[in-house]
Amino acid sequence: MYVRDAKNREEVWLLDQIESMGLDETSFRSRDYVVAVDEESGSKAGFARIRVHKIDESADDGRTECCELTSIGVLENWRGQGVGAHIIERLVEYAGDDGFETVYALTSESDYLRQFGFERIDESALPEPLVDRLAQKRDGIDPDAVPLALAVESFDLPDRLREAFKRASEHDGSTESSTESPEDFGIDSESATYKYDTGR
């Protein structure tokens with residue numbers, strides 16, 4: 001399993017997944033996303049993006065941009081295996097490489113993000129573009145969204161998620177084996193004869 005930048009040809013796949021999961025597709029650009037991919041099968045397991053917002057040049061601290069972690073999605077068959085954690089790790093690294101000291105998130109899934117070091121902040125501490133974004137999210141796809149912030153250097157990936165990611169594999173969520181046995185077809189596996197009369 002590894003995380004890489006999304007490719008232009010994955011745009012339709014990303015949009016389909018975003019729609020099916022009810023995630024935010026505002027200002028969609030495939031190049032803003034990263035995708036987790038299984039090395040053996042080539043299956044895509046999850047995705048997320050960093051969205052950069054321009055700040056009014058009159059901002060008190062001189063910042064001209066801020067970044068938001070958004071549209072985090074892990075396909076159902078890959079959940080609970082650290083896929084989302086590694087996607088977030090990659091995006092936080094990218095944010096730091098681009099000179100951002102803080103990554104913001106606007107979500108009702110704050111418990112999930114807290115394990116990486118995100119903390120709830122007051123809405124008044126949000127950069128102006130994110131105040132508007134929070135209102136949009138609450139009016140639309142995430143009525144219970146709250147503002148969170150992470151100091152990039154404080155990001156922490158729990159060891160259990162790092163280890164789970166190393167062993168990640170696609171599963172169908174069922175506990176029964178999907179392999180069909182000879183008995184499923186009426187064949188006695190010990191004598192290789194038909195158990196049922198075929199009428200011949």
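Modeller: A residue is called buried when its relative accessible area is under 20%, exposed when over 50%, and partly exposed in between (1.4 Å probe, protein chains only). This is a predicted model, in which local features need pLDDT of at least 70 and side-chain atom pairs count only at pLDDT 80 or more, while totals for chains, interfaces and linings use all residues. Residues are numbered from 1 along each chain as its sequence is written, and side-chain values use heavy atoms, with hydrogens and water left out.

Colleague: How many of the six residues of S7 are buried?

Modeller: Helices (H or I, at least four residues) and strands (E, at least two) are DSSP runs, numbered from the N terminus. S7 is mostly covered, and its buried residues number five.

Colleague: Which residue in S7 is the bridge partner of Val103?

Modeller: Two strands pair if DSSP finds at least two bridges between them. S5 and S7 run antiparallel and are joined by six bridges. S6 (residues 119-120) also pairs with S7 in the antiparallel sense, over two bridges, and there Glu119 has Ala149 as its partner. For Val103, the partner in S7 is Leu150.

Colleague: Which elements are included in what covers the buried residues of H5?

Modeller: In H5, Leu161, Ala164 and Phe165 are buried. They lie on the same side of H5 because they cover an arc of only 100° around the axis (taken from the directions from the helix axis to the C-beta atoms). On the other side of H5, Asp159 and Lys166 are exposed. The cover over the buried residues includes strand S1 (2-5) and H2.

Colleague: How many disulfides does the model contain?

Modeller: A disulfide is a pair of cysteine sulfur atoms within 2.5 Å. The sulfur of Cys67 is 7.2 Å from the closest cysteine sulfur, that of Cys66, and is therefore too far for a bond. Cys66 is buried at a relative accessible area of 2%, and Cys67 is buried at 0%. By the distance rule, the number of disulfides is zero.

Key: Contact means heavy atoms within 4.5 Å.
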